[in-house]
Amino acid sequence: MYSKMFKLINEELDFLIDNTPINTLELKKIEIKGIKVKIVFLDKNIMKVKTMLYEMDWFSNEPKLKFKKDYLKPFNDKYFR
């Protein structure tokens, strides 16, 4: 179960990083709480923190990672301590 979850998260990270210009997004944090997954990037072009929220769907035929929402926050050094 956990191996499938980590595989889905890894595939999503690969997709996000591959579809952005080189050295634009820097992965800072991944939080997993139950079925909720939060991925936090630092966007170096605009110097803002991009947070993407996902939810694991275990009850479908094939488990998948569902995108819920994303938002931008101003960069604050305290956020990454």
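Me: Which residues does Ile39 touch, not counting residues up to four places away in sequence?
Reply: The model is predicted. Contact here means heavy atoms within 4.5 Å. With residues up to four places away in sequence left out, the residues that Ile39 touches are Leu13, Leu27, Lys29, Lys50, Thr51, Met52 and Tyr54.

Me: Which residues touch the most other members of the largest nonpolar core?
Reply: Nonpolar side chains tend to be buried together in soluble globular proteins. The largest nonpolar core in this model has 13 residues. Those touching the most other members are Ile9, Val37, Ile39, Phe41, Tyr54, Met56 and Leu65.

Me: Which element gives the most residues to this core?
Reply: The elements that give two or more residues are helix 1 (2-18), strand 2 (36-43) and strand 3 (48-57). The one that gives the most, with 5 residues, is helix 1.

Me: How many salt bridges does a search of the whole structure find?
Reply: Side chains of opposite charge can pair when their charged atoms come close. For a salt bridge, the nitrogen of Lys or Arg has to lie within 4 Å of a carboxyl oxygen of Asp or Glu. Searching the whole structure gives a total of 7.

Me: How many residues apart are Glu26 and Lys44?
Reply: Glu26 and Lys44 form a salt bridge, with their closest N and O atoms 3.3 Å apart. Glu26 is in strand 1 (residues 25-33), while Lys44 is in the loop between strand 2 and strand 3. The pair thus links distant parts of the chain, and the separation is 18 residues.

Me: Which residue meets Lys38 in a salt bridge?
Reply: Lys38 is partly exposed, at 22% relative accessibility. The N to O distance is 3.9 Å, and the partner is Glu31.

Me: Is Asp57 buried or exposed?
Reply: Asp57 meets Lys66 in a salt bridge, at 3.9 Å from N to O. Lys66 has 38% relative accessibility and counts as partly exposed. The cut-off for buried is under 20%. Asp57 has a relative accessible area of 16%, so Asp57 is buried.

Me: Which residues do salt bridges that share partners join into one network?
Reply: Glu26 has a salt bridge with Lys44. Through shared partners, salt bridges make one network of Glu26, Lys28 and Lys44.

Terms used. Residues numbered from 1 in each chain as written. Predicted model: local features only at pLDDT ≥ 70, side-chain atom pairs only at ≥ 80, totals over all residues. Heavy atoms only, no water. Core = buried A, V, L, I, M, F, W, Y, C linked by side-chain atoms within 4.5 Å. Buried < 20%, exposed > 50% of the residue type's maximum accessible area, 1.4 Å probe, protein only. Helix = DSSP H or I, 4+ residues; strand = E, 2+ residues; numbered from the N terminus. Salt bridge = Lys/Arg side-chain N within 4 Å of Asp/Glu carboxyl O.
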